[in-house]
Amino acid sequence: MAALFKPGVLTTDGKALLAKWQAGGATPQITHAAIGSGSYTKTEDASTRTSLKAEKLRVGISSAAADGDTLNLRFVFSNDSVTTGFPVTEVGVFATDPDKGEVLYSISVSADESVADFFPAYSGNHSVSSIFDYYIKMSNAENVTILGGTGAFALADDMIQIQSRVNALEACGLVVVDGKLCVKYTKPTT
């Protein structure tokens with residue numbers, strides 16, 4: 001069972017960036033996520049954070065899907081590089097601000113650190129992965145750029161969905177070549 005997190009909040013930098021996006025001064029660019037083991041009091045305002053308190057892992061975006069004005073970002077964290085296990089008590093989503101560079105856009109912290117999920121160190125035999133789905137409301141943004149960074153995992157479900165789409169295109173006589181949709185030509189037989 002996954003531990004509960006408080007609803008994510010926009011950080012001060014995130015709110016400023018959102019205002020730029022809404023004013024048309026920038027295209028939203030979500031870059032990656034991070035998890036950490038920072039400790040927060042029950043009344044602490046996480047929205048003032050500019051970074052996680054104790055960042056442990058950082059990954060690119062594995063997949064993104066939009067449903068109306070809600071963006072669902074999926075991140076897959078692996079313990080392949082973890083030498084000391086830690087409780088996961090904070091997760092942050094980062095974006096690019098055209099004036100400041102990379103900023104902590106949104107953060108969510110554990111609702112109860114005493115029952116936080118433990119992310120184990122790599123044993124040398126088997127790796128452990130954890131999937132985080134993070135939902136962000138987007139407002140007044142015509143386009144959102146999602147940067148799938150190095151280390152982003154493609155889940156089996158994602159690949160099955162992509163293969164299904166490719167199969168449907170090919171069944172219609174269409175193929176994708178170098179990112180361009182093409183009509184598959186079949187020479188008529190005489």
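Two strands count as paired here if DSSP finds at least two bridges between them. Strands themselves are DSSP runs of E with at least two residues, helices are runs of H or I with at least four, and both are numbered from the N terminus. The model is a predicted one, so local features need pLDDT of at least 70 and side-chain atom pairs count only at pLDDT 80 or more, while totals for chains, interfaces and linings use all residues. Residue numbers start from 1 along each chain as its sequence is written, and side-chain values use heavy atoms, with hydrogens and water left out.

With that settled, the β4 and β5 hairpin is a handy place to start. Its two strands are separated by two residues, and Gly-68 there takes a positive phi near 70°. Strand β4 (residues 63-67) and strand β5 (residues 70-78) run antiparallel and are joined by five bridges.

Next come the charged contacts. Side chains of opposite charge can pair when their charged atoms come close. A salt bridge is counted when a side-chain nitrogen of Lys or Arg lies within 4 Å of a carboxyl oxygen of Asp or Glu, and the whole structure holds seven of them. One of these joins the side chains of Lys-20 and Asp-97, at 2.8 Å from N to O. This pair links distant parts of the chain, with Lys-20 in helix α1 (residues 12-22) and Asp-97 in strand β7 (residues 90-97), 77 residues apart. Burial is scored by relative accessible area with a 1.4 Å probe on protein chains only: under 20% is buried, over 50% is exposed, and anything in between is partly exposed. Asp-97 is buried because its relative accessible area is 2%, whereas Lys-20, at 23%, counts as partly exposed.

Lys-20 also meets the side chain of Asp-99 in a salt bridge (2.7 Å, N to O). Asp-99 sits in the loop between β7 and β8 (101-109) and Lys-20 in helix α1, so this contact ties together parts that are 79 residues apart in sequence. With a relative accessible area of 63%, Asp-99 is exposed. A further salt bridge connects Arg-58 and Glu-55, whose closest N and O atoms are 2.8 Å apart. Both ends are partly exposed: Arg-58 has 39% relative accessibility, and Glu-55 has 32%. As for Lys-20, Asp-97 and Asp-99, salt bridges that share partners join them into one network.

The largest pocket holds about 500 Å³ of space. Grid points are joined across faces, edges and corners, and the volume is the space filled by probe spheres set on the points. The lining of the largest pocket numbers 24 residues, with Phe-5, Val-91, Phe-132, Asp-133 and Tyr-134 lying nearest its centre. At least two lining residues come from each of β1 (9-10), β8, β9 (118-119) and β10 (129-137), and β10 gives the largest share, eight residues. By class, the lining has 16 nonpolar, four polar and four charged residues; nonpolar covers Ala, Val, Leu, Ile, Met, Phe, Trp, Tyr, Cys and Pro, charged covers Asp, Glu, Lys and Arg, and the others, Gly among them, are polar.

Two further positions round out the picture. Thr-41 lies in the loop between β2 (29-36) and β3 (55-60) and is partly exposed, at 47% relative accessible area. Leu-57, in strand β3, is buried at 9%.

Methods. 1 Å grid on protein atoms, 1.4 Å probe; cavity = no way out; pocket = protein on both sides within 12 Å on 5 of 7 lines; lining within 4 Å.
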